[in-house]
Amino acid sequence: MAIRRTRSDQRSVGAYVAAQPLPARSVLRRVRATIRKALPGATEGISYRIPVYKLGGRMVLYFAGFRHHYSIYPATARVKWALRKELADLVHSKGTIRFPLDKTVPTRLITRIAKLRAAEAAELNVARRSKRARR
């Protein structure tokens, strides 16, 4: 079950985190800081009512808080393959990586996920530019 959200969560990531229950806030602050450190040039915003990080206008990573866990999206095929051992018990559905709120935030793993997704986004941006140049 998702945590109740207020209208303020649609404006900024800070407001989104602040609207979460106290136990989730500190965890989500750590997740946010980890992603920001891993993606220093990313723009931060809200999309689909949850935090999103974009590079070159392309979505790289989302995160969301829930009652007993938080999730990172998307778990692409490349991410799942590259981190298959670390993600063995964490991939919940096709595109969701789920972490329990009561465990230590795996900052190294989140950093690796963010960097893999950034590489994917960069490759897609290059492919998009070369496709446009061929027209």
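The chain contains four helices and six strands, where helices (H or I, at least four residues) and strands (E, at least two) are DSSP runs numbered from the N terminus. The model is a predicted one, in which local features need pLDDT of at least 70, side-chain atom pairs count only at pLDDT 80 or more, and totals for chains, interfaces and linings use all residues. Residues are numbered from 1 along each chain as its sequence is written, and side-chain values use heavy atoms, with hydrogens and water left out. Read from the N terminus, the order of elements is α-α-β-β-β-β-α-β-β-α.

Of the 135 residues in the chain, 41% are buried, that is, under 20% relative accessible area with a 1.4 Å probe, protein chains only. Among contacts (heavy atoms within 4.5 Å) with a separation of 6 or more, 55% join residues 24 or more positions apart.

In soluble globular proteins, nonpolar side chains tend to be buried together.

Arg 32 lies in helix α2. Leaving aside residues up to four places away in sequence, Arg 32 touches Val 13, Gly 14, Glu 44, Tyr 53 and Phe 63.

Definitions and conventions:
Buried means under 20% relative accessible area, exposed over 50%, partly exposed in between (1.4 Å probe, protein chains only).
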